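Please look through the chain shown here with attention to its sheet, its helices and a few individual residues. The report below takes these topics in turn.

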Amino acid sequence: MIILKNISKRYPEGSGFRSVLEDITADIPETAFSVLLGPSGSGKSTLLNIISGIDLPTSGEIIINGQNLTNMNEKRRTLFRRTQIGIVFQFFNLLPTLSVIDNVILPMELNGTKSKHAKSLAQDLLDTVGLLDRQNTFPDRLSGGEQQRVSIARALASDPPIILADEPTGNLDSGNANQIMTLLSDLHIKFKKTLVVVTHRNDFIKLADKIFIVEDGQISERGDIS
């Protein structure tokens, strides 16, 4: 599903460069729940941005479903991401001027889904994450845990095969964090998505099929978790 080939990422710094990722190679299996585990600053969020096509590696290739994102221009990567990848952000990234349901509808409308059908699908997703009764509420009236549930519904809205979650519990208290972890695991099973979660929390280990340790710009695989 997701193939990383010799991925390196360097940023200009002073008269030289700062290396964030160095020669990373990994295969992330289809429909698996994979965790990128590591401390803050280890390069895991940078790696997730490269997987999503938001950023490009300095060298190496990222191949998703046989398509090489590193050979695409920015417009093609954006269009690819709209249909193939849903993203859950740490800070939710909901549009404050749109209601809950309109936040979920938006990615479907960008992909050309007709409004009536998009609304029905959005209501189904909000029901799935337990927030159908808040569909007409604005994000600032929701708790952090509720906002993240909306973010998850939005990520699923275009029915992408891949869901990427960047520290999805990093802005939540422990109670809400546990609920979001369980919800992601349940939805991964229900919808058979390829789920990749970036986290520094060891709690995710018990839910994962694959664990990749990202540290000092390198990656290693812990292996299958029974």
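Helices (H or I, at least four residues) and strands (E, at least two) are DSSP runs, numbered from the N terminus. The structure is a predicted model, in which local features need pLDDT of at least 70 and side-chain atom pairs count only at pLDDT 80 or more, while totals for chains, interfaces and linings use all residues. Residues are numbered from 1 along each chain as its sequence is written, and side-chain values use heavy atoms, with hydrogens and water left out.

An open sheet is formed by 4 strands in the order E2-E1-E4-E5, with antiparallel pairing; two strands are taken to pair if DSSP finds at least two bridges between them. Strand E2 (16–28) and strand E5 (67–68) stand at the edges with a single partner strand each, so one side of each is left without a neighbour in the sheet. Helix H1 (residues 44–52) packs on the sheet, where it touches E1, E2 and E4, and its direction makes about 120° with that of E1. For that angle, axes are lines fitted to C-alpha atoms, for helices over the stretch in contact, and angles run from 0 to 180 degrees between N-to-C directions. Contact, here and below, means heavy atoms within 4.5 Å.

Within the sheet, E1 and E2 pair in the antiparallel sense over 9 bridges, and Arg10 has Ser19 as its bridge partner in E2. Their hairpin has 2 residues between the strands, and Gly14 in this hairpin takes a positive phi near 65°. Strand E1 (residues 2–13) also pairs with strand E4 (residues 59–64), again antiparallel, over 5 bridges, and there Ile3 has Ile63 in E4 as its bridge partner.

Which residues does Thr46 touch, not counting residues up to four places away in sequence? Thr46, which is placed in helix H1, touches Lys9, Tyr11, Val20 and Leu21. With 16% relative accessibility, Thr46 counts as buried, where buried means under 20% relative accessible area, exposed over 50%, and partly exposed in between (1.4 Å probe, protein chains only).

In helix H2 (residues 74–84), the residues Arg77, Phe80 and Arg81 are buried. Seen down the axis of H2, its buried residues fall within an arc of 100°, so they line one face of the helix; the arc is that of the directions from the helix axis to the C-beta atoms. These buried residues of H2 pack against H1, E4, E5 and strand E6 (85–88).

Helix H4 (residues 115–128) has 14 residues and reaches 20 Å from its first C-alpha to its last, close to the 20 Å expected at 1.5 Å a residue, the expected span being 1.5 Å times one less than the number of residues. In H4, Ala118, Ala122, Leu125 and Leu126 are buried. These residues cover an arc of only 95° around the axis, which puts them on the same side of H4. The buried residues of H4 pack against helix H3 (100–110), helix H5 (144–156) and helix H6 (174–191), whereas the face turned away from the buried side carries the exposed residues Lys116 and Asp127. Just after H4, Gly130 takes a positive phi of about 80°.

**Individual residues**

Most residues other than glycine have a negative phi, and most peptide bonds are trans. Against that background, Asp23 has a phi near 55°, a positive value in a residue other than glycine, and Glu167 has a positive phi of about 50° although it is not a glycine. Asp23 lies in strand E2, while Glu167 is found in the loop between E7 and H6. The table gives accessibilities.

| Residue | Relative accessibility | Class |
|---|---|---|
| Asp23 | 46% | partly exposed |
| Pro161 | 26% | partly exposed |
| Glu167 | 7% | buried |
| Lys206 | 65% | exposed |

Pro161 sits in the loop between H5 and strand E7 (162–166). Its C-alpha atom is separated by 5.7 Å from that of Gln84, although the two residues are 77 residues apart along the chain. Leaving aside neighbours within four places in sequence, Pro161 is in contact with Met1, Asn65, Thr83, Gln84, Lys193 and Thr194. Lys206 lies in the loop between strand E8 (194–199) and strand E9 (210–215), and the C-alpha atoms of Lys206 and Ile152, 54 residues apart along the chain, are separated by 20 Å.
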